[in-house]
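The stops below are meant to be followed in order.

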Amino acid sequence: MRRVLDTIIILFVVALSASAQQIEFHKASWTEVKKLAHESGKSIFVDVYTSWCGPCKKMASTVFTDPSVGTYMNEHFVSIQLDAEKEKDYELFKMYQPNGYPSFYWFDAEGTLLDTQVGYMPAEEFIGKSKKALESNLGKQYKVYNERWQKGERNYEFVKEFLFDIMPRVQADSVRSYLNAYLEGLSVEELKSRQTGELIRGFLRGLTDDTVWRTLVTYNDIYESYFGVDFGKRMYMNLVRIPMADRNDEAKYKKDLACIASVDFPRKQMYQELLGMETILFEGKYTEALKQALSLGNKYEKDVSYLYSEMFYTCIIAKFFEEGYTPTLEEQKQILMLAQIAFDLMPSQCTLMYLAAAYARNNNFRQAYECLASMPFYGAPVLSSAVYHLLNLKRIFPSTKK
């Protein structure tokens with residue numbers, strides 16, 4: 001009996017010890033959390049997660065249970081966890097909206113924001129960020145900068161720091177509206193400047209008819225001269241790939257096309273011709289589409305060297321390389337020509353893989369294999385793993401089974 005009792009006591013002590021070694025998360029309202037922080041002389045930590053977020057689960061299972069993390073956080077913070085979807089009415093979300101998961105917020109006992117971070121981080125880094133947060137004053141910075149903005153301050157360094165360093169960590173959804181207001185106050189020469197391009201070149205992932213988007217397309221050739229091929233490829237994504245992705249939603253697709261048609265901008269004709277070519281390509285009319293692609297490449301390659309590469313990428317996502325499709329001899333010739341010019345103009349691991357896939361589509365497996373064998377001698381970019389399987393490169397290594 002004594003041994004049983006001793007075992008129970010040991011297990012109870014171990015359980016208490018384990019609990020003390022991980023972050024203690026409270027279930028309480030925002031008012032109650034601030035009260036607890038006041039009474040304990042601590043600050044506040046908030047972990048915002050979702051049930052489907054892998055990094056959130058990893059933080060919960062490996063970092064928040066780490067003894068060093070638990071000891072530090074329980075000593076300095078009153079902590080809570082919030083499910084961004086199931087607890088979306090929690091008072092905190094009226095003030096702050098996460099722009100990724102997991103999102104971490106540190107506050108003082110008054111509820112004034114100290115700092116924010118997004119994404120998984122290992123235990124040591126998390127403790128470091130938490131220590132740094134205690135010395136931070138992000139919430140006060142935001143208030144001061146917003147007051148300066150409201151008073152009309154608009155110099156470049158201030159705008160850059162406010163909209164791209166401070167605001168995204170506090171009110172990420174407001175960045176674009178503030179940037180629109182800033183651009184509306186600039187002269188044409190200021191809009192053409194590299195500084196303006198620096199501010200807005202990250203906003204090409206959506207086709208939105210506002211001042212930011214109109215500025216990007218209106219001066220796209222100037223910005224490309226500053227930032228090179230990467231900017232041009234982003235323009236292709238914005239003006240061609242996004243409408244193509246929306247083509248199954250008739251209302252959205254028409255809205256995209258109307259938006260593009262409403263603005264006069266450099267290379268507008270090229271992008272509209274590309275839209276026409278890609279429409280045919282996605283309809284599976286490969287012979288006609290490839291003929292147009294080669295013609296467009298020849299027409300614009302002096303100014304847009306990456307065009308062949310982008311059009312080849314579209315051939316991939318338009319299922320030209322699927323196992324179930326057998327290309328005609330003309331299509332085999334066309335796809336090889338498209339890949340060869342793409343590689344000649346922009347040699348890289350990506351375009352070399354295109355060339356290998358094109359040779360394989362021509363049943364020239366030896367040449368395809370030689371291309372792949374040469375890949376270590378070339379650098380980035382590398383084809384995205386998201387579409388790699390669509391190239392169906394297994395045909396380069398035909399089965400030896402008889």
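What volume does the largest pocket have? In this predicted model, the largest pocket has a volume of about 500 Å³.

**First stop: the pocket**

Select Lys233, Arg241, Glu310, Tyr313 and Ser384, which lie nearest the centre of the largest pocket. They belong to a lining of 18 residues. By class, that lining has eight nonpolar, six charged and four polar residues.

Next, colour helix H13 (229–245), helix H17 (307–317) and helix H19 (349–361); each of these supplies at least two residues of the pocket lining. The largest share, five residues, comes from H13.

**Second stop: helix H16**

Move to residues 286–300, which form helix H16. This helix has 15 residues and reaches 21 Å from its first C-alpha to its last, close to the 21 Å expected at 1.5 Å a residue.

Which residues of H16 are buried? They are Tyr286, Ala289, Leu290, Ala293, Leu294, Leu296, Gly297 and Tyr300. Look down the axis of H16: the buried residues fall within an arc of 165°, so they line one face of the helix. Lys291 and Asn298, on the other side of H16, are exposed.

Select residues 123–134, helix H5. Its 12 residues should span 16 Å at 1.5 Å a residue, and the end C-alpha atoms are 17 Å apart, which agrees.

Within H5, highlight Ala123, Phe126, Ile127, Ser130 and Ala133, which are buried. These residues cover an arc of only 120° around the axis, which puts them on the same side of H5. On the other side of H5, Glu124 and Lys132 are exposed.

What covers the buried residues of H5? The cover includes both strands and helices: strand S2 (43–49), helix H3 (54–63), helix H4 (67–76), strand S3 (77–83), strand S4 (103–107) and strand S5 (113–118).

**Last stop: Asn146**

Finish in helix H6, residues 138–150, by selecting Asn146. Is Asn146 buried or exposed? Its relative accessible area is 18%, and buried means under 20%, so Asn146 counts as buried. Show Phe162 and Tyr178 as well: Asn146 touches both, not counting residues up to four places away in sequence.

Technical notes:
Residues numbered from 1 in each chain as written. Predicted model: local features only at pLDDT ≥ 70, side-chain atom pairs only at ≥ 80, totals over all residues. Heavy atoms only, no water. 1 Å grid on protein atoms, 1.4 Å probe; cavity = no way out; pocket = protein on both sides within 12 Å on 5 of 7 lines; lining within 4 Å. Points joined across faces, edges and corners; volume = space filled by probe spheres on them. Helix = DSSP H or I, 4+ residues; strand = E, 2+ residues; numbered from the N terminus. Nonpolar A, V, L, I, M, F, W, Y, C, P; charged D, E, K, R; others polar. Expected span 1.5 Å × (residues − 1). Buried < 20%, exposed > 50% of the residue type's maximum accessible area, 1.4 Å probe, protein only. Arc of directions from axis to C-beta. Contact = heavy atoms within 4.5 Å.
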